[in-house]
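Subject: Structure for your review

Dear colleague,

Please find below the structure I promised to hand over, with the sequence alongside. My notes on what was found follow directly after.

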Amino acid sequence: MKIINMTFIALFLYLINSTKNQIIFPFEEFTYSSNPNRIYNDIESFYFDQYKTNIYTILNIGEPDQSLLTFILSEDCIFQIYNESICYNKSQYNYNLKNSNSFQNITKINGKYFYFRTSLINETIKFCINEECTNNQKIDNFQINLFNGIENSKILCSQMGLTVTTSEENKWIRIINQFKEHNIINGLRYTVKYTSDHNGYIYVGQFPHEYNSTNFFLEQQKSAYIDIKEQHSYLLPSFEMDDIFFNYNDSKIQMEEKEAIFYMEYGLILGTKEYLEKIEENFFSKYYNDKICDKYNFFMPGKHFIGIKCKVSDEFKIKEFPSLYLLKREFNFTFELDYNDLFKKNNKEYYFLIIFDQMIISIWKIGKPFLRKYQLTFDIDSKSVIFYNQLIKPSNQNSNNNNSNNIVLTIILVSIGGFIIICGLIIGAYFL
């Protein structure tokens, strides 16, 4: 009887634990608090602010709790603590190693596990498991990379990437693998959801139809395998669109370059040279001639970009701007970005939210203008990108999500019922 009891208790605890399989990172754009009205003096300051928005979350770390400012990256897989000038802008979030009773420098203790000028540390950390962060999952001995030489720094921040490397090297240090190894997520996947122009949530571990069964359904789930390129060090949400085009004067203008990569920290879209030439020829050129629109060159370290700005005036027919369409047949859906998605009004000017890199001219790099409108899930386990086509109406919404989301609850109830029945039979047999 004791063996049976222990078996059912273990099964029960396992099933209960398996329902707690998600982490939620509330995020905000780093520049928002310093410029909440998003008013810019010129187009250059706008593009510098929005090229990479440096989305961040706040983590509770150490014993006792301290706050750590943490930037989230698409193209990285580790968690590392560092000290740079960007950390000083949010000094109220200040993790101090010396004030943590749970801090351990593993590299200094045994001389092992170092990575790219860093030491490996163990630390206690808490992750949110609901949007309000009122419920947390505590993990002891979570492995983090600490840049060497910053132990005495008073201002620290961190960055983490939620993907994996394309090779199997250093698999042990991937942060998303650690989540799974600590049994706080079941699957290696994340979803980015914007709730406003400057903030939102990243859901790690579950599919949208599992954590939001009211709005998403399993029958709507469509997937496309990602393109794994030899030159990429990390597994990125990227694939070839089946068609990219816009319509102008009753003509369909198609693009030859259709490879797209999605970056959650990009506030803009990086378009191709081909699209620049065709949208100029069919739309912007007439406004160039009248000095209503103008091209603008701006520079970042190692980068040379072209942007476009136009005057807010009756002469500029912004509503006539041809929508950009991106077709993906596996999703059975054509994405549309219209003038509302692709222009930002700033004082007396409109800034075009597609910019163009002079060096990388054949790949679309897609950020917030798309991701704010359309929600994608990056499933690392299956190496695919997931999209929920909400034009598909489930045949039976209730049974659809009951079957997909409540199967664990059913198993739990059956197990408890079986446990009670068996206990009753054993007790009854004993008295008989």
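Predicted model: local features only at pLDDT ≥ 70, side-chain atom pairs only at ≥ 80, totals over all residues.

Residues are numbered from 1 along each chain as its sequence is written, and side-chain values use heavy atoms, with hydrogens and water left out.

Disulfides

I begin with the cysteines, where a disulfide is taken to be a pair of cysteine sulfur atoms within 2.5 Å. By that criterion the structure holds three disulfides, and if the bonded cysteines are numbered in sequence order, the pairing reads 1-4, 2-3, 5-6.

One of these links joins Cys87 to Cys157, with an S to S distance of 2.0 Å. Since Cys87 sits in the loop between strand E4 (79-82) and strand E5 (104-105), while Cys157 belongs to strand E8 (residues 157-161), the pair ties together parts that are 70 residues apart in sequence. The torsion about this S-S bond of Cys87 and Cys157 is about -50 degrees, so the disulfide is left-handed.

Another link connects Cys128 with Cys133, the S to S distance being 1.9 Å. The torsion about the S-S bond of Cys128 and Cys133 is about 100 degrees, so this disulfide is right-handed. Cys128 has 12% relative accessibility and counts as buried, whereas Cys133, with 27%, counts as partly exposed.

The remaining link to describe is formed by Cys293 and Cys310, whose sulfur atoms are 2.0 Å apart. Cys293 lies in strand E17 (residues 293-300) and Cys310 in strand E18 (residues 303-311), so the pair ties together parts that are 17 residues apart in sequence. With 110 degrees about its S-S bond, the link of Cys293 and Cys310 is right-handed. Cys293 counts as buried at 3% relative accessibility, and Cys310 does so at 2%.

Strand E25 and its partners

Strand E25 (residues 376-379) is covered on both faces, with Leu376 and Phe378 on one side and Thr377 and Asp379 on the other, all of them buried. Strand E9 (residues 189-194) pairs with E25 in the antiparallel sense over three bridges, and here Asp379 of E25 is the bridge partner of Arg189. E25 also pairs with strand E26 (residues 384-388), in the antiparallel sense and over four bridges, where Leu376 stands opposite Phe387 of E26. The hairpin of E25 and E26 has four residues between the strands, and in it Lys383 takes a positive phi near 55 degrees.

Backbone details in the loops

The peptide bond from Glu63 to Pro64 is cis, with omega near 0 degrees, and Pro64 is placed in the loop between strand E2 (55-61) and strand E3 (66-73).

Asn54, although not a glycine, has a positive phi of about 50 degrees; Asn54 lies in the loop between helix H2 (43-50) and E2, and is partly exposed, with a relative accessible area of 29%. Lys291 likewise is a residue other than glycine with a positive phi, near 60 degrees, and is found in the loop between helix H6 (273-289) and E17, where Lys291 counts as exposed at 63% relative accessibility.

Finally, Gly302 lies in the loop between E17 and E18 and counts as exposed, at 76% relative accessibility. The C-alpha atoms of Gly302 and Met359 are separated by 9.7 Å, the two residues being 57 residues apart along the chain.

Definitions and conventions: Helix = DSSP H or I, 4+ residues; strand = E, 2+ residues; numbered from the N terminus. Buried < 20%, exposed > 50% of the residue type's maximum accessible area, 1.4 Å probe, protein only. Pairing = 2+ DSSP bridges.
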